[in-house]
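Please report on the structure below.

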Amino acid sequence: MKYLRNVATLKLDAERCIGCGVCSTVCPHAVFDIIGKKARIVDKDSCMECGACARNCPACAITVKSGVGCAAGIIAGMLRGTEPACDEGCCG
Amino acid sequence: MKKKYITGSIETKGGEIPTVSTSIDRMDKWGAFKARCSIGRMRYTIRPGLYAAGNPDQDSIVLVSANYKLSFDVLRSSLHGIDAWILVLDTKGINVWCAAGKGTFGTDEIVNRIEQTRLKEIIGHRKLIVPQLGAPGVAAHEVKKHSGFTVIYGPVRASDILSFLENGMVATAEMRKVNFSMRDRSVLVPVEFVMGFKHLVLASVVFFLLAGLHKGGYSTQVALTAGSRSTLILLLAFLTGTIMVPMLLPWLPGRSFSLKGLIAGLILIVVLGVSGFAESNIIESLAWILIVTAISSFTAMNFTGASTYTSLSGVKKEMRIAVPLQITASLTGVTLWIIGRFV
Ligand code: SF4
Ligand code: SF4
């Protein structure tokens, strides 16, 4: 199953990448592959913007605007004027 | 009260550590069922700290978990036959993945919990196995810098832990991936259902009260017959969005959840029409088409939060288009329905 095309905010700066491979280890959707000692985004549309790759990249080569892909969370955030956040409910 | 899953304790250099059972009993299952249905799930926590499974010593592995009892139960029950330490973080009773997203399952909490449990005195090595789904909150290189511990990311599913260990602590590509099977989706349905149900009850009451209106004034008799039928249609639309869409997710056309919900709602309309349940009056039929599709589309859209593949940018994009349409459809639908009472 795949979600909407061309919306993920994921970006990789290949210049900075040191090829440690952590991004491909932590990604739950196999978005990265390590090709020739460098990370490469091979399936950007599968990115769910969880932020695991960016947080664990020791070279700060990855940026992604992470957050919850949750309609109820976005509505709650709008009503409260905060960032989207899940309350109890979806987080089961 | 004594916790049933705690079976005893062992003496260590860092103090007495409780041992836990690696099997799940009836009480655990009942608690899990209640938690899934949103009954007191926020109190379904265990005390953060260090626990022992089997008879671990200073060379045994350390697995990190959340203090949400469901996460903890799944982990301990997958440790049958091995000796291990379980380091339970304080995630305020929230599961690993969601807590990682909020940052409560995170670098600071790991570093602090290592200190508080005197883990360095209890074990000789400096390795932690962290569930992969905790990675959004944990920066492995920061943990190393602040505590000296190396984070090894374990498999996504606790049930793969034994194979992971046998495989020399290397997760296969399959163990790294999040799936979203029929079974995964079905356990999430009750929560969505319970959350939406109170709105459904409220809407039904309003429809019941308004249903009595007709050309000749107000009739309780009409309110009862038209009201029960309205409630039934509302309920069916709600069930379509909260149960049918999640179950048929891969087979419903479209990528956005609101579109899948809209299509499922149209299927329901056709079924209602064919079964002779449709209104005789054209205005009221039109009203129901709008109301049913708005409800099924909206409730289906809410399942994005339970899914494992939607992104923030994607849901925002979907909502920018869908929410105005859902609001317009439901308001127009209700207006038409009221007008329909008088023609
Ligand atoms: S985690 Fe960062 S440095 Fe390591 S391979 Fe991925 S992009 Fe490169
Ligand atoms: S944000 Fe999450 S899903 Fe997207 S590439 Fe990074 S780890 Fe993978």
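## Chain A overall

Chain A has 92 residues, and 43% of them count as buried. Buried means under 20% relative accessible area, exposed means over 50%, and partly exposed lies in between (1.4 Å probe, protein chains only). The accessible surface of chain A comes to about 4,500 Å². Carbon and sulfur atoms hold 52% of that surface. These areas come from the Shrake-Rupley method with a 1.4 Å probe, and for residues only the protein chains shown count as cover.

This is a predicted model: local features need pLDDT of at least 70, side-chain atom pairs count only at pLDDT 80 or more, and totals for chains, interfaces and linings use all residues. Residues are numbered from 1 along each chain as its sequence is written, chains are lettered from A and ligands numbered from 1 in the order in which they are written, and side-chain values use heavy atoms, with hydrogens and water left out.

## Fold of chain A

Chain A contains 3 helices and 4 strands. Their order along the sequence is β-α-β-β-α-β-α. Helices (H or I, at least four residues) and strands (E, at least two) are DSSP runs, numbered from the N terminus. Take the contacts in chain A between residues at least 6 apart in sequence: 43% join residues at least 24 apart. Contact means heavy atoms within 4.5 Å.

## Ligand surroundings

A residue is near a molecule if one of its heavy atoms lies within 4 Å of it. Ala, Val, Leu, Ile, Met, Phe, Trp, Tyr, Cys and Pro count as nonpolar, Asp, Glu, Lys and Arg as charged, and the others, Gly among them, as polar.

The shell around ligand 2 includes A:Cys27, A:Cys47, A:Cys50 and A:Cys53. Also among its members are A:Leu10, A:Val31, A:Phe32 and A:Glu49. This shell divides into 9 nonpolar, 1 polar and 1 charged.

## Salt bridges

The structure holds 9 salt bridges over all chains. A salt bridge is a side-chain nitrogen of Lys or Arg within 4 Å of a carboxyl oxygen of Asp or Glu. One of them pairs A:Asp43 with A:Lys2 (3.1 Å, N to O). This pair links distant parts of the chain, 41 residues apart. A:Asp43 sits in the loop between strand 3 (38–41) and helix 2 (52–56) of chain A, and A:Lys2 in the segment before strand 1 (11–12). A:Lys2 is partly exposed, at 39% relative accessibility.

In chain B, B:Asp90 and B:Lys92 meet at 3.2 Å, N to O. B:Asp90 is partly exposed at 22%, whereas B:Lys92 is exposed at 54%. B:Arg113 forms a salt bridge with B:Glu109, with the closest N and O atoms 3.0 Å apart. Both lie in helix 4 (residues 107–116) of chain B, 4 residues apart, about one turn of the helix.

## Helix 2 of chain B

Is helix 2 of chain B largely enclosed or open? Helix 2 is largely enclosed by the rest of the structure, because 7 of its 9 residues are buried. The buried residues include B:Lys69, B:Asp73 and B:Arg76.

B:Leu75 belongs to helix 2 (residues 69–77). Its relative accessible area is 6%, so B:Leu75 is buried. Not counting residues up to four places away in sequence, B:Leu75 touches B:Leu63, B:Val64, B:Ser65, B:Ile86, B:Ala158 and B:Ile161.

## Loop residues

B:Asn281 lies in the loop between helix 11 (257–274) and helix 12 (282–301) of chain B. B:Asn281 is buried, at 16% relative accessibility. A polar atom of its side chain lies 3.1 Å from the backbone nitrogen of B:Glu284. Leaving aside neighbours within four places in sequence, B:Asn281 contacts B:Gly340 and B:Val343.

Most residues other than glycine have a negative phi. A:Lys37 has a positive phi, near 60°. A:Lys37 is in the loop between strand 2 (32–35) and strand 3 of chain A, and is exposed at 72% relative accessibility. B:Met169 also has a positive phi near 60°. B:Met169 is in the loop between helix 7 (161–166) and helix 8 (173–176) of chain B, and is partly exposed at 26%.

Note on methods: Polar contact = N/O pair within 3.5 Å; in protein donor to acceptor, adjacent residues only side chain to side chain.
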